[in-house]
Amino acid sequence: MRQGILTTLSQSDEGGYNYDYATVPFLAEVFKLIISGLFLWRETRTSSLATAKITTDWRSVRLFVIPSIIYLIHNNVQFATLTYVDTSTYQIMGNLKIVTTAILFRLFLKRKLSNLQWMAIGLLAVGTTTSQVKGCGEASCDSLFTAPIQGYLLGILSAALSALAGIYTEFLMKRNNDSLYWQNLQLYTFGSLFNVARLIADDFRLGFEKGPWWQRIFDGYSITTWLVVLNLGSTGLLVSWLMKYADNIVKVYSTSMAMLLTMVASIYLFSFKPTVQLFLGIIICIMSLHMYFAPPQTLVDLPVTNEAHPKTLKQVIVEEKTDS
C-alpha cells in the first residue's frame, strides 16, 4: 500500500514521471547491497567465517541470477501499472498476489495446505480488498472498472511476478545454512547489475539523446522520489529476512496486517475518514489470521463419542476359554 501511494505522489501533475523510473529499482538495489555488505562485514568481524557460513561455489551463486531478473521486471512493471490505473485500483489488484503466492507455495515448494488454510487465504484476499473499496458516494467509486485494459494486464502480471519472486527467493534462502547477509549480497549484486544493463539498453534505444544514464540518474528527483527508493529498499530487506526465517504465507499475512494498521493510523495522523468497508475488512482479516494459524481442533467442535476400546488378542483368548 505504502509503495503505491508514494509512487503516485512522485508523479507529475500530468500523471507521468519527471524522473526516469528505471533508476529507482537500481538505487534501491544499491541501497540493499550496501546495507547487506555492512551487516556481513559486522558479522564476519564478530564471529569466524565458519560461523558466518559463506559458500562461494559458483553453482550456488549463479542461482541468484533468476530472482534478480524477476525482481527487475516486477519493479519496473509496478511503475508502468500506475501510469494506467489509480492508487486504489492498484492496491485492489495487488491483492491477487495473496492467492497466487498460495498457489505457487503449494506447487513449487510442495507445502501442503489444509482446506481450512485455503479458505483462510481466500478470506484474507476478500478482507483486504473489502477494506480498500471506497463508498459509491466518492468520486473514484467507478475508477476500478474504467482503467485501460493495459492497466489490468500489468496489474495481474505484477501480482504473478511478486509471488514467483517470493517463492523462488524462499527456496534459495532455505536451501543451505549460509549467512542471510551473504545471500542478500549475492541477490542484490545481480540485481544491481541487471538494472544497470536495463539503463544502458534504454540509452541505446533512445540514441543517447538525453546523455548516458549516470549523468542524469538524479534528474527530476524530489524528496518523495527518495522516499520511494528507501521504501522499496527497506521492504526488500525485510522480505529477505522473512524468506529466511519464516515463509511466504507469513509474509503475505504480515504485509496485509501492516496495510490495515497503516489505514487505521491514517485516521489519526491524516484525518482519514473510516468506512464501513474498512471495519468489515479488518474483521474478515482477523478471522482469516485465526483460521490459518490456529490448531484445527480449536476451530471445529467435534462431538465426544464414547467408543468401546477394541479387545486385545489376549482378552479374546481368555473369553473363549471361559465360554468353553
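Residues are numbered from 1 along each chain as its sequence is written, and side-chain values use heavy atoms, with hydrogens and water left out.

View 1. The protein chain has 15 helices and zero strands, where helices (H or I, at least four residues) and strands (E, at least two) are DSSP runs numbered from the N terminus. Of its 324 residues, 44% are buried, buried meaning under 20% relative accessible area, exposed over 50%, and partly exposed in between (1.4 Å probe, protein chains only). Among contacts between residues at least 6 apart in sequence, 83% join residues at least 24 apart, a contact being heavy atoms within 4.5 Å. The average pLDDT, the predictor's confidence in each residue on a scale from 0 to 100, is 83 for the protein chain, and 85% of the residues score at least 70. Confidence is lowest in helix H3 (residues 49-52), with a mean of 52, and highest in helix H7 (residues 96-107), with 93. Where pLDDT is low, the predicted coordinates should not be read in detail.

**View 2. Two of the spans annotated as transmembrane regions.** The unreviewed UniProt entry gives the annotation "transmembrane region" to residues 22-41, 61-84, 90-109, 153-173, 221-243, 250-270 and 276-294; the positions are given in the numbering used here, feature names are shortened, and annotations may be inferred rather than shown by experiment. In the model, residues 22-41 are 95% helix and 0% strand, with end C-alpha atoms 29 Å apart. Residues 221-243 are 91% helix and 0% strand, and their end C-alpha atoms lie 32 Å apart.

**View 3. Helix H7 and the loop residues on either side.** The twelve residues of H7 should span 16 Å at 1.5 Å a residue, and the end C-alpha atoms are 17 Å apart, which agrees; the expected span of a helix is 1.5 Å times one less than its number of residues. Asn95 has its place in the loop between helix H6 (87-94) and H7, and counts as buried because its relative accessibility is 8%. The side chain of Asn95 makes polar contacts with the side chains of Thr128, at 3.3 Å, and Thr129, at 3.1 Å. A polar contact is a pair of N or O atoms within 3.5 Å; within protein, one must be able to donate a hydrogen and the other to accept it, and residues adjacent in sequence count only if both atoms are side-chain atoms. Apart from neighbours within four places in sequence, Asn95 is in contact with Ala125, Thr128, Thr129 and Gln132. Lys110 lies in the loop between H7 and helix H8 (115-132), and is exposed, with 62% relative accessibility. Most residues other than glycine have a negative phi; phi of Lys110, however, is positive, near 60°.

**View 4. Lys174 and its contacts.** Lys174 is found in helix H9 (residues 149-174) and is partly exposed, at 34% relative accessibility. Although Lys174 and Lys244 are 70 residues apart in sequence, their C-alpha atoms are 6.0 Å apart in space. With neighbours within four places in sequence left aside, Lys174 is in contact with Arg111, Met243, Lys244, Ala246 and Asp247.

View 5. Rings of Phe, Tyr and Trp (its six-membered ring) pair if their centres lie within 6.5 Å, and planes under 30 degrees apart count as stacked, over 60 as edge-to-face and the rest as tilted. By this rule there are 17 aromatic pairs. The rings of Phe204 and Phe208 form an edge-to-face pair, because their planes stand at 80°, with the centres 5.0 Å apart. Phe204 is exposed, at 61% relative accessibility, whereas Phe208 is partly exposed, at 38%. Tyr292 and Phe293 also form an edge-to-face pair, 4.8 Å centre to centre with 70° between the planes; Tyr292 is buried, with a relative accessible area of 10%, and Phe293 is partly exposed, with 43%. Phe208 lies in the loop between helix H10 (180-205) and helix H11 (223-245), and has a positive phi of about 55° although it is not a glycine.
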